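I opened the notebook to look up a few local features, one at a time. Here is what I wrote down.

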Amino acid sequence: MSSTTEGATPLELPGSRHDAPAGARLVGPAPRDQQVEVSIYLKPRDAHQTTETALAGSVQERREHLARHRRTAHRDDIQRIETFATGHGLSVLEADPARRLIRLGGTADRMEAAFGTSLSTYERDGGTFRGRTGSVMVPRHLHGIIESVLGLDARPVAQARIVRPRTAQPQSVLPNKLAELYDFPTGVDGSGVTIALIELGGGFKDSDTQQAFQAMRLTPPKVVAVLVDGATNDQSASDADGEVALDIQVAGGVAPGAAIAVYFTPNTNAGFADAISQAAHDTTNKPSVISISWGGPESTWDGQSVTTMNSVLQEAAALGISVYVASGDSLATDGVSDGKAHVDFPASSVYATGCGGTHVTETGSTISHEVVWNDGDSGTGGGISDLFDVPAFQSGVTLPPSVNAGRKGRGVPDVGGDAAPASGYSVVVDGQTEIVGGTSAVAPLWAGLTALINQKAANPVGFLPTWLYAHIAANPALTAPITSGNNKPTGSEIGYNAGAGWNACTGLGRPNGQALFDALTGGAGV
């Protein structure tokens, strides 16, 4: 290398330490010639420009402003990373200053040498994946500019938040019918707005979309697949197909005039972050709303992944993009068997709107009863974050202390909606009509409502919680609070009760669509 500084002992990248994957068997070293791709995220040099109020104008105007600034701000950083890559025999696959992203490719042995780590093959649940233990090391002269190095470890990081019913004949609802029950505005359909769906697996068939919208008596929306990091629109009838179908048919059923862009990406820390970043900065499809129905317990994420996921979500908020995330389907434990409560990430991010679940009882054309979704061993996630402190937007509501050790932290979720499989959504998956539920449905539900609002609003909704928490006291009719139920597993006291005001099951409640539309559009006529 060209200087003493560059040749000095490398430094550990904060938050990069990994333990061996839980429940996995070590097979052996990763093949030396295995092709590996990594995503390097740069630390922002413009944190002041990624606050909610820093940028003005439309989402597209904000994208263009930030891109122009970053082309200059990160020029030298990118050149230094490219020189480092060349010196280690790695290829530069992509360099995008607007996204602070440089993607590198190369063989496993060269990646190990470049980042001071060992890559291994692991086996779990009948499949194999590449993993690592220990920390990622980077040269001293790059340590101050690199936020994260993602993708060396390819273990799955998230699960789809979809649940199928157990009863033979559960109540079901078409997505557009639920919009009517929640008093969503009529006379708007989301025209001119694009909704982004983040999918870490599965695929969709146009024939499913046609069949589903015929059942709803709606014209099918325009749906395009955006392929991230080598992923595909995998139509091989995998379990994840149900997730993709649910997201398209709920978002489109609520806002049939909106375009839908489905970002398929690998189920890795790099894939997840890259898909959100690509959607946020996409100047082709131009989404102003993002729906995410995937996540994992906070305790399963490493620090650098959380940092970058959080930073790309913060950028989305600054760009005026609303992001809705399912809060999980395993009650207050989030499926972790350690006797403690856990919340799902990225629903717990302070730059995402976490979406919890309810069980709706419909009588005729109205809702006669709505409670927290809890089926005993599945139900809405929610609680108090172990990673994030109480954000400013929640300072005006009463949050319970964590049931773990009384910690005060970010409360999850922010809002709710129908998620129980017993009052689930009728969707078409691989040619068959199915009834499905899960908090997966609530994120696209709110995304669709936001598309309706963005069609008429002078400015995009953007990060909803800042506005909603500030206005809910003066206008409680914006949502319908869910005051009955809890998210405790059967036979356990781990969890939280519903109640008046905010609660750790359904947040501020489910939407009153017309009230939200009127408030956010200034009462714009439709």
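What volume does the largest pocket have? I read about 760 Å³. For the record, a pocket here is an open set of points on a 1 Å grid over the protein atoms alone, where a 1.4 Å probe fits, with protein on both sides within 12 Å along at least five of seven lines, and lining residues have an atom within 4 Å of a point. The volume is the space filled by probe spheres set on the points, which are joined across faces, edges and corners.

A note on the source: this is a predicted model, in which local features need pLDDT of at least 70 and side-chain atom pairs count only at pLDDT 80 or more, while totals for chains, interfaces and linings use all residues. Residues are numbered from 1 along each chain as its sequence is written, and side-chain values use heavy atoms, with hydrogens and water left out.

By class I noted eight nonpolar, seven polar and seven charged residues (nonpolar: Ala, Val, Leu, Ile, Met, Phe, Trp, Tyr, Cys and Pro; charged: Asp, Glu, Lys and Arg; polar: the others, Gly among them).

Then I went to the loop between β17 (322–326) and β18 (344–345), where I found S330; strands are DSSP runs of E with at least two residues, helices are runs of H or I with at least four, and both are numbered from the N terminus. S330 counts as partly exposed because its relative accessibility is 23% (buried is under 20%, exposed over 50%, partly exposed in between, with a 1.4 Å probe and protein chains only). Beyond its neighbours within four places in sequence, S330 is in contact with G335 and G379, contact being heavy atoms within 4.5 Å. K488 is 158 residues from S330 in sequence, yet their C-alpha atoms are 9.5 Å apart.

D334 is in that loop between β17 and β18 too. D334 is not a glycine but has a positive phi of about 55°, and I logged D334 as buried because its relative accessible area is 5%.

I found a positive phi of about 60° at K286, also not a glycine. K286 sits in the loop between α9 (269–280) and β15 (289–292).

Last, I looked for cis peptide bonds. One runs from F345 to P346, with omega near 15°, and P346 is in the loop between β18 and β19 (353–363). Another joins V412 and P413, with omega about 5°.
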